[in-house]
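Colleague: I'm new to this one. Can you walk me through its aromatic rings?
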Amino acid sequence: TGAGGGEAACRYTGRSCHPLSSNSFKILLPKLEDVLKEFTGTGALSKYSLDGDIDYEGFQLFMNTFLEVDTPEELCRHLFLSFVKRPRPQPVEPKSI
């Protein structure tokens, strides 16, 4: 709906959400619990496991669902890479002569 303040459906979850009006600075976010439910049943994230790793595509969908907007690519990539587990280099043992 328009700037009249009515509810609209989130295109990712189908749940109703409140669009921001020109006089509103309050950003309404769904509760994390609600977004985590999207990992179950036929939810938008159901092909991913809460107990396993999630790829970039899944992380981007999670962010879009949580924020209820198309998350900017650069922000999403930066956040995703901050969670990636990188192997730590093994310490080099000094060689004996």
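Colleague: Is F59 buried or exposed?

Modeller: F59 is buried, with a relative accessible area of 9%. Buried means under 20% relative accessible area, exposed over 50%, and partly exposed in between, using a 1.4 Å probe and protein chains only.

Colleague: What kind of model is this?

Modeller: This is a predicted model, where local features need pLDDT of at least 70, side-chain atom pairs count only at pLDDT 80 or more, and totals for chains, interfaces and linings use all residues. Residues are numbered from 1 along each chain as its sequence is written, and side-chain values use heavy atoms, without hydrogens and water.

Colleague: Back to rings. How many aromatic pairs are there?

Modeller: Five. Rings of Phe, Tyr and Trp (its six-membered ring) pair if their centres lie within 6.5 Å; planes under 30 degrees apart are stacked, over 60 edge-to-face, and the rest tilted.

Colleague: What about F59 and F80?

Modeller: Their ring centres are 5.6 Å apart and the planes sit at 55 degrees, so this pair is tilted. F59 is in helix α2 (residues 56-67) and F80 in helix α3 (residues 73-83), so the pair ties together parts 21 residues apart in sequence.

Colleague: And how exposed is F80?

Modeller: F80 counts as buried, at 17% relative accessibility.

Colleague: Which residues form the cluster?

Modeller: Ring pairs link Y56, F59, F80 and F83.

Colleague: Is F83 buried or exposed?

Modeller: F83 counts as exposed, at 60% relative accessibility.

Notes. Helix = DSSP H or I, 4+ residues; strand = E, 2+ residues; numbered from the N terminus.
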